[in-house]
Amino acid sequence: MKLSRAVIISSCLCFLSPMLVHANTNSALLRESSSSSLSSTNRLLAEGDSGGEAEAEGEAAQDKPPPSPTDSGPQDPNTPVHDKDNHQPILFNRKQLVLFGGPHKSASTSVEEFMANGCDETSTYCIHFISAVKPSNKNTNTKNKRRKNCKMKLSRAVIISSCLCLLSPMLVHANTNSALVRESSSSSSSTNRLLAEGDSGGEAAQDKPPPSPTDSGPQDPNTPVHDKDNHQPILFNRKQLVLFGGPHKSASTSVEEFMAQWAEGGWKHGHPHTKALGYWRWPRVMGTYGTHGTKVFGRLVTEPSNDILHKSIMDSIAESMEEAENGVIVGTEEFDQVGPDATYKALPAIKKVIRHLDLNNEDVTIVLNYRSPRLDQWVSIWKHEEGDFMDSTYEDFLCMSHNDPAERRRRYDMLGAQMNPLGAAQVFLEEGWKVKLIDMGGVEAQDKDISHVIGCRVLLGGCLDGFLGSLGDELPRENAVEKPFDELNDEESGKMEQLFENRDCGYQHSLQKWIESGQMEIEYQDSLWKTCDSKRKSYYSSLVGATDVLFNAFLSQLECKDNPHDLRDGITMDQALGNNNTLGHMINGFVEAVLIPLVFLGGVGYVMMMMFKGKQQRRLDERGIAVSQAEMTPYPSSAFQDDHEEETEEGEEEGDEGDSDDDVEEVYQDPPRSEDAEDGE
């Protein structure tokens with residue numbers, strides 16, 4: 001009945017609606033195009049499809065499991081094949097074990113990777129393959145066949161009835177066909193496939209490398225992109241070195257593993273996931289017993305004397321640079337080891353890589369993550385601490401280190417190097433390299449992923465809405481450690497966050513010249529420098545390089561019962577913050593440190609002065625008594641007077657510094673001398 005109705009309706013409307021023919025023809029041609037793409041899959045599966053079968057036969061073939069290779073069913077594995085290069089999948093009558101044994105350097109790695117990863121379940125090719133080999137439900141297949149047969153008959157009826165009404169249906173069909181072919185060619189371009197990724201057709205395009213992104217060819221790496229979050233993979237006109245420098249506990253491990261997984265081998269045949277970063281390489285370093293992990297590049301910094309390992313790493317980087325179209329990306333959180341507080345020295349290792357590749361400074365980019373809230377990174381550093389402090393509380397993490405020079409030095413490294421991406425950025429900029437700083441707070445606020453942001457805005461891979469087009473569903477793993485951080489309340493934790501932000505504000509002015517010149521770019525800026533006050537510039541600058549201030553301020557927040565600290569020479573958190581809210585604490589500190597000692601010294605001086613005045617008064621009193629007695633005593637002879645005058649003159653020559661008690665003694669000694677004179681007379 002449906003068929004009859006279709007014939008009647010189409011016959012009646014054909015003169016009034018010629019577009020009906022056009023629409024049905026379009027639908028038929030689109031199905032024919034789909035059938036053509038499916039037939040390419042059949043050819044890949046070697047099922048004998050020559051491409052000339054009808055649409056219904058091509059679609060029905062997709063719902064069937066692979067045919068039995070022979071009429072006699074599964075065959076013996078030892079039965080020879082007539083044509084080894086052209087045959088259907090052979091089904092054996094018993095299972096086999098095949099061992100691939102290399103040997104070394106005979107394409108063994110390529111064969112192993114192909115066999116292990118040759119089929120990606122997300123690729124169109126493998127979807128068709130899996131659907132072909134999986135047994136299908138009988139009832140479902142029957143219904144699908146009926147629907148398809150009905151659709152075919154309906155389409156044929158419409159076409160036949162339309163042909164009876166139109167004078168030249170072939171002309172319409174030819175014109176429509178030509179337009180659809182051009183439209184199909186345009187819609188199946190590599191850009192749409194990379195950006196949409198949901199395209200189920202165009203399997204043949206998966207066997208092609210990424211196309212040139214622009215009609216003008218490769219572009220300069222410094223040319224700005226119109227839309228950073230939506231673009232094709234950008235091909236550069238010269239190769240670049242991108243170094244991911246962490247720092248520690250800012251999603252560094254996640255980024256390294258993500259880039260190693262999707263950029264290590266470049267673009268691979270049959271692997272659409274590798275297209276977004278197809279122009280880049282993450283070097284693979286081979287060791288004695290296999291491939292080194294992603295952390296091997298950190299040993300360039302931590303093992304500066306390991307020449308054998310360094311040579312292996314350098315050769316791997318050089319080989320990857322030779323293979324890549326745009327360049328290589330190398331990453332390790334140990335690249336944050338710069339500045340006076342760092343335990344290791346990253347600059348010599350970075351310069352060694354640049355010299356080995358013979359690159360100019362303008363072709364080197366350092367990528368740094370700015371993790372916020374800042375306190376989260378500091379807490380994460382404590383939680384991931386190893387060795388004796390692996391299971392320690394936060395209090396022990398700090399309190400047990402301030403009296404241990406080695407551990408105290410490590411805490412300075414954590415605060416002054418690992419927690420200081422802006423300080424590292426300034427060092428790299430001074431060397432002449434470009435810096436990309438990514439504000440992780442802004443990334444999270446816009447529901448993006450840090451690895452995809454680096455792929456889109458630094459490597460300029462194929463992206464859609466800020467995610468790598470062929471890797472939109474691939475997100476890095478989380479690397480969290482659960483430990484309670486309950487030694488401090490919210491108020492004290494807020495002070496720690498504020499102190500970190502204040503130190504970061506100290507770099508705002510010094511980095512501005514590089515930001516204005518374009519040598520430094522900040523992506524997704526949100527929390528960075530948001531709390532800075534231009535009136536406190538000098539205070540912010542005083543915190544740059546003052547790692548001991550941060551350490552003592554954090555230590556002052558803890559009681560340290562098991563290992564008491566002495567902070568008489570240090571600084572408290574409130575003093576380190578130095579804002580208006582701590583005025584009372586500053587006044588108390590002034591009273592304790594300055595005013596009280598001055599009052600004490602003043603009291604001591606007053607007491608000493610009163611004692612001195614009392615002594616002087618007693619001497620004056622004694623002198624007055626002596627003079628009074630002397631005046632009452634008679635002087636019998638002129639000889640005594642002469643002698644007394646001589647002694648008085650000698651006393652005056654000696655000055656007033658003489659003790660007045662001597663004068664008193666003289667007065668008391670004169671009478672005996674006068675008596676002797678009388679006796680002599």
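Select Glu-256 to start: at 1% relative accessibility, this residue counts as buried, where buried means under 20% relative accessible area, exposed over 50% and partly exposed in between, computed with a 1.4 Å probe and protein chains only. Residues are numbered from 1 along each chain as its sequence is written, and side-chain values use heavy atoms, with hydrogens and water left out. The model is a predicted one, in which local features need pLDDT of at least 70 and side-chain atom pairs count only at pLDDT 80 or more, while totals for chains, interfaces and linings use all residues.

Stay with Glu-256, which has its place in helix H9 (residues 252–263); helices (H or I, at least four residues) and strands (E, at least two) are DSSP runs, numbered from the N terminus. Its side chain and that of Lys-295 are joined by a polar contact of 3.3 Å, and the Glu-256 side chain also reaches the backbone nitrogen of Glu-333 at 3.3 Å. A polar contact is a pair of N or O atoms within 3.5 Å; within protein, one must be able to donate a hydrogen and the other to accept it, and residues adjacent in sequence count only if both atoms are side-chain atoms. Leaving aside neighbours within four places in sequence, the residues in contact with Glu-256 (heavy atoms within 4.5 Å) include Phe-244, Trp-282 and Gly-331.

Which peptide bond is cis at Pro-373? The bond from Ser-372 to Pro-373 is the cis one, with omega near 0°, and Pro-373 has its place in the loop between S6 and helix H13 (374–383). A further cis bond, from Gly-102 to Pro-103, also has omega near 0°; Pro-103 lies in the loop between helix H3 (55–62) and helix H4 (108–117).

Most residues other than glycine have a negative phi, and most peptide bonds are trans. With that in mind, select Asp-358, whose phi is positive at about 55° although it is not a glycine; Asp-358 lies in the loop between helix H12 (347–357) and S6 and is exposed, with a relative accessible area of 68%. Asp-447 likewise has a positive phi, near 55°, and is exposed at 64% relative accessible area, in the loop between helix H17 (440–445) and helix H18 (450–457).

Move on to helix H16 (residues 421–430), which is mostly covered, with 8 of its 10 residues buried, among them Leu-422, Val-427 and Phe-428. Gly-432 follows H16 and has a positive phi, near 100°.

Finally, zoom out to the whole chain, which holds 26 helices and 10 strands, and in which 40% of the 681 residues count as buried.
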